[in-house]
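Here is a friendly tour of one protein chain, written for someone who likes to know what sits where. Please keep the sequence and the 3D view open while you read.

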Amino acid sequence: MQMVGGKVKKPGKRGRKPAKIDLKAKLERSRQSARECRARKKLRYQYLEELVSSKERAICALREELEMYKQWCSAMDQGKIPSEIKALLTGDEQKTSQSTSKPPKNGKGHTASNGQSKLV
């Protein structure tokens with residue numbers, strides 16, 4: 001035994017002593033924690049799968065839009081002006097929505113105050 005600052009110090013382990021925990025309760029807590037971990041992991045994977053599928057849909061929509069623009073460019077290279085471009089240049093929104101078979105699905109279109117779709 002040593003004297004430090006007027007107190008007697010006993011040799012041995014330092015720090016907090018572990019509490020006497022029931023082994024069955026400890027195992028049950030461990031099992032519950034593992035169940036919760038697996039549930040979080042499952043939710044995380046579901047979220048990621050939904051995110052991937054939404055990105056894939058957006059990519060498909062952008063590819064369709066790109067193909068439409070390519071067709072317009074090839075038509076203009078041949079000296080023809082597509083009716084969709086004429087409608088965009090003249091500002092006739094109804095003609096654009098009727099002549100375009102599929103509006104863009106990627107959310108690039110805006111809605112005007114009268115509820116008609118307007119391409120950007």
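## Ground rules

This is a predicted model, in which local features need pLDDT of at least 70 and side-chain atom pairs count only at pLDDT 80 or more, while totals for chains, interfaces and linings use all residues. Residues are numbered from 1 along each chain as its sequence is written, and side-chain values use heavy atoms, with hydrogens and water left out.

## Overall layout

The chain holds 3 helices and 4 strands. Both kinds of element are DSSP runs numbered from the N terminus, helices being H or I with at least four residues and strands being E with at least two. Reading from the N terminus, the order is β-β-α-α-α-β-β.

How much of the chain is buried? Of its 120 residues, 9% count as buried; buried means under 20% relative accessible area, exposed means over 50%, and partly exposed lies in between, with a 1.4 Å probe and protein chains only. The accessible surface comes to about 11200 Å², and carbon and sulfur atoms make up 55% of that. These areas come from the Shrake-Rupley method with a 1.4 Å probe, and for residues only the protein chains shown count as cover. Among contacts (heavy atoms within 4.5 Å) with a separation of 6 or more, 27% are between residues 24 or more positions apart.

## The helix α1

Helix α1 covers residues 23–77. Its 55 residues should span 81 Å at 1.5 Å a residue, and the end C-alpha atoms are 80 Å apart, so the two values agree. The expected span is 1.5 Å times one less than the number of residues.

Which residues of α1 are buried? They include A61, E65, M68, W72 and A75, and part of the cover over the buried residues of α1 comes from α2 (83–90). Just after α1, G79 takes a positive phi of about 90°.

## Charged partners

The whole structure has 2 salt bridges, each defined as a side-chain nitrogen of Lys or Arg within 4 Å of a carboxyl oxygen of Asp or Glu. Side chains of opposite charge can pair when their charged atoms come close. E28 pairs with R31, with the closest N and O atoms 4.0 Å apart. These two are 3 residues apart in helix α1, so about one helical turn separates them.

E28 also meets R35 in a salt bridge, at 3.0 Å from N to O. Through shared partners, the salt bridges join E28, R31 and R35 into one network. E28 is partly exposed at 38% relative accessible area, R31 is partly exposed at 46%, and R35 is partly exposed at 38%.

## Surface patch and cysteines

Y47, L48 and L51 make a nonpolar surface patch with about 280 Å² of accessible area together. Patches take residues with over 30% relative accessible area and no salt bridge, joining like charges within 9 Å and nonpolar side chains (Val, Leu, Ile, Met, Phe, Trp, Tyr) within 5 Å. L51 has 33% relative accessibility, so L51 counts as partly exposed.

How many disulfides does a search of the whole structure find? The search finds 0, a disulfide being a pair of cysteine sulfur atoms within 2.5 Å. C60 is partly exposed at 43% relative accessibility, and C73 is partly exposed at 41%.
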